[in-house]
Amino acid sequence: MKTICLYFEIHQMIQLKRYRFFDIGTDHYYYDDYENEFRINNIAERSYMPALNTLLEMIKAHNGYFKVAFSLSGVGMEQLEIHAPQVIEKLQELNETGCVEFLAEPYSHGLASLVNHESFAAEVKRQCEKMKGYFGQTPKVLRNSSLIYSDDIGQQVADMGFKGMLTEGAKHVLGWKSPHYVYSCATAPKLKLLLRDVNLSDDISLRFNNSEWEEFPLFADRYVDKIANLNEDEKIINLFMELSALGIAQPLSSNILEFLKAIPACAKERNIGFATPSEICETVNSVGTLDVPDTLSWTDEERDVSSWLGNPMQREAFDKLYGVADRVRIANDPRINQDWDYLQASNNFRLMTTKPSNVGLDRGIYSSAFDAFTNYMNILGDFISRVNSLYPDEIDNDELSSLLTTIKNQDEEIEMKNKEIVRLQTKIEKIEAAETKLRAEMEAMAAPAAKPAPAKPAVKKKTASATKSKSMTSDVTEK
């Protein structure tokens, strides 16, 4: 039986304001609040709410047959919390159906996995805590920013305890292989990989409303036929895309939601099911490892990281930002941490790209890649000076490394002690429960012995005494 795994990403980058060189050192607030509010409300109204309502209708109409997965960046969640809480409420309503899975991803939607393992792990942990708090789910599968993946990143993810990871079914990686199987990480075989079907996903997210496309207009039955006609042993079809594709990239006037709504019925007729990523990882065996020595992603034709690190400007900004990653972690200042999350978002680097394709690129307030670079570097200059004021850059790297090691060891020791505390608390609770049960049993056994002896013998004794007294009285009378 073929199975469709449908997944949507929800992320909203924080819009930076125009920040000039002379603002450095005097203005520590970097964001365009008006633009942020406008954008999140616009996308919530035009895309998120209509799309989520449709998905909820689909789940209810098919009684557990249709399933879907989401991942939400932490910074995206923060924007929804402030400006569009109705989206979170709708996601919670979807979660209550039991047909939705929430995945892990970096909190900032950043690129830490490429350069700083500790920052990457810390971000994923924070995002998982947010998913647990809102939806009661502890993510078992991770989706990195823009499906970024390599063997090294896979090893990191496996070390964090995840069962699976989503990535791109790129041709230059797969070669003759098909994306319709479950693979595993070359350096950590227990980590399963689910590969995005590029063509089938882009049919919906990129080409659906393109009247010049040879398959336009695309109908649900014909789309499902393409899946049903795949080779018999190609069982897993992964359709991964941004949720904003439904309503923004493909406007609602294109009938994109009606198309989506018709897919489950068409799939059911052809004996095609739906499953979440963790269900696939738990039930489907890997057919082998996938070697990915170089980093891949789902962006642009190259499917690599050149959209963010393809020119000298991007690499300079990237190096300067992550050059203070360890100091940010040591400082652990709330305001610094928030700015760190917002400045890490990969979109900031993509606005500096000089690649000719630029599919779906909106530079916003910037007139060019250089303009975006200049504005970002001005902000970064102020941010780094604030970090250095908390943890001076005069401290050499050896001392910094020693301090980081100490902190890491302390964290591990605290974690071990916390686990021991939990174990002892559980043991104490069991002992107290056993003691309570034993006390109740002893009280029940002692209860009969505490009852007073029957009064009947005492009555008989009293009667005998009275009889004797009566007899003596009678004798005296006779005398």
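## Burial and basis

A residue is buried when its relative accessible area is under 20%, exposed when over 50% and partly exposed in between (1.4 Å probe, protein chains only). At 7% relative accessibility, Phe318 therefore counts as buried. Tyr322 is also buried, with a relative accessible area of 7%.

This is a predicted model, in which local features need pLDDT of at least 70 and side-chain atom pairs count only at pLDDT 80 or more, while totals for chains, interfaces and linings use all residues. Residues are numbered from 1 along each chain as its sequence is written, and side-chain values use heavy atoms, without hydrogens and water.

## Aromatic residues

Rings of Phe, Tyr and Trp (its six-membered ring) pair if their centres lie within 6.5 Å; planes under 30 degrees apart are stacked, over 60 edge-to-face and the rest tilted. The count comes to 20 aromatic pairs. The rings of Phe318 and Tyr322 have centres 4.9 Å apart and planes at 50°, so this pair is tilted. Phe318 and Tyr322 belong to one aromatic cluster with Trp340, Phe349, Tyr376 and Phe383.

## Nonpolar cores

A nonpolar core is a set of buried Ala, Val, Leu, Ile, Met, Phe, Trp, Tyr and Cys residues joined through side-chain atoms within 4.5 Å. The largest has 63 residues, and Phe349, Tyr376 and Phe383 touch the most other members. Helices are DSSP runs (H or I, at least four residues), numbered from the N terminus. Helix α16 (residues 369-390) gives the most to this core, with ten residues. A second, separate core of 55 residues includes Ile4, Ala51, Phe135 and Val224.

Terms used:
Helices (H or I, at least four residues) and strands (E, at least two) are DSSP runs, numbered from the N terminus.
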